[in-house]
Amino acid sequence: MNKIVLDRPEVPPALIPAPGAARQARALVGNTPVLWVGAPLAPAGRGFWAKLEGFNPGGMKDRPALHMVRRAEARGALAAGARIIESSSGTLGLGLALAGMVYCHPVTVVTDPGLEPIVARMLAAYGARVDLVAQPHPNGGWQQARRDRVAELLAEESGAWCPDQYNNPDNVDGYESLALELVEQLGTVDVLVCAVGTGGHSAGVARVLRRFDPDLKLIGVDTLASTIFGQPAGPRLMRGLGSSIYPTNVDYGAFDEIHWVAPSEAVWACRALAATHYATGGWSVGAVALVAGWAARTHDADARIAAVFPDGPQRYFDTVYSDTYCAEHGLLDAEPPTAPDTITHPAERVVTAWTRCGTVVDPREQSSDQGAAR
């Protein structure tokens, strides 16, 4: 407990424990470090602990990918050598490529034109087949278009299996190791900040951490134009968080509040992290860091705040870290964000910049209630 790694440059490097030797790639997953992040994301003298999941071979979703495949085999849902077919914007695809290699399954990743070229090339290098949908679904956007294509491919190949990351409870359970590592590294966690896409890691990590501290506060981070927490759907520039569908793995009752973050604000946070902490990542990392820094500013000084950074910066060189791309999308003009706006209910108005809300609703239930009222 309370095993916090402190910055002690006087300790000779030879005394720092080295990672264990790995005979298999799956042994490289997990045991990722935490890093203290302070100014300029947080006020001077305050900060938060960032769990650097980019240290996994493919990112945070290596954990649930391995777990979902292992559990499917154990249940008999996935036969030996059968193909795995799943929709992904990138990170789970990389995790499934690893799981397919470990458990000897061919993998097809269904994605869309927003996938970064480096990820498409690496998926192919790892032996996965990349299937690209050409048009978004008129209502469910790219996610629903990808899911429809997954259904077509499953019907074409006998024995093929889909993890269904949006609704599979094994996706949630796959993050138990991450939570237990946080307990080992930090002791109790008072505030947890997580990006929300499929809902897997926010639900899985918070559930385990609340075994140790039932009063844990969970802050969810979403993107503009995402339907998850009751805002209307729209085109989204940021990938890896947000959704145009309603994943059942989102544990609405677990959240204490939610924040929506704009792309320009996430870019500022990503670049500020890189310039001051030599640790950064993509859209989700920037959005989470921005909100975690705000949490450090607004909570008690002794509150222990943990934020999950899902990946590293490598796949975002042509977007977040490209001046040309950011200028084309107007992402470099905004002033550094300092605090969110506040609304009292997600349906109050459409948000266009960093905004927080302390009322968390399941939009599926709202839709049902409105339908019943009519």
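This is a predicted model: local features need pLDDT of at least 70, side-chain atom pairs count only at pLDDT 80 or more; totals for chains, interfaces and linings use all residues.
Residues are numbered from 1 along each chain as its sequence is written. Local features need pLDDT of at least 70 and side-chain atom pairs pLDDT 80 or more, while totals for chains, interfaces and linings use all residues; side-chain values use heavy atoms, without hydrogens or water.

The chain holds 11 helices and 11 strands, taken as DSSP runs numbered from the N terminus (helices: H or I, at least four residues; strands: E, at least two). Its radius of gyration is 20 Å, close to the 21 Å that the globule rule gives for 374 residues, so the chain is as compact as a globular protein of that length. The radius is taken over C-alpha atoms, and the rule is 2.2 Å times the number of residues to the power 0.38. The C-alpha trace spans about 60 × 60 × 45 Å along its principal axes. Of the 374 residues, 53% count as buried (under 20% relative accessible area; exposed is over 50%, partly exposed in between; 1.4 Å probe, protein chains only).

The largest nonpolar core has 41 residues. Such a core is a set of buried Ala, Val, Leu, Ile, Met, Phe, Trp, Tyr and Cys residues joined through side-chain atoms within 4.5 Å. Leu41, Phe48, Val193, Val261, Trp283 and Phe309 touch the most other members. Helix 9 gives the most to this core, with 11 residues. A second, separate core of 34 residues includes Val34, Ala179, Phe255 and Ala306.

Helix 9 covers residues 283–298. It reaches 23 Å from first C-alpha to last, close to the 22 Å expected at 1.5 Å a residue (1.5 Å times one less than the number of residues). Of its 16 residues, 14 are buried, so helix 9 is largely enclosed by the rest of the structure.

Valine 261 touches Ala287, Leu290 and Val291, among others (contact: heavy atoms within 4.5 Å). Threonine 223 is also one of the residues touched by valine 261. Threonine 223 lies in strand 7 (residues 217–223). Its relative accessibility is 2%, so threonine 223 counts as buried. Its contacts include Arg236, Met238 and Trp260.

Helix 1 (residues 62–75) has 14 residues. Its buried residues include Pro64, Leu66 and Met68. They pack against strand 2, strand 3, helix 2, helix 5 and helix 6. Glycine 76 follows helix 1, with a positive phi near 85°.

Conventions
Lists of a residue's contacts leave out its neighbours within four places in sequence.
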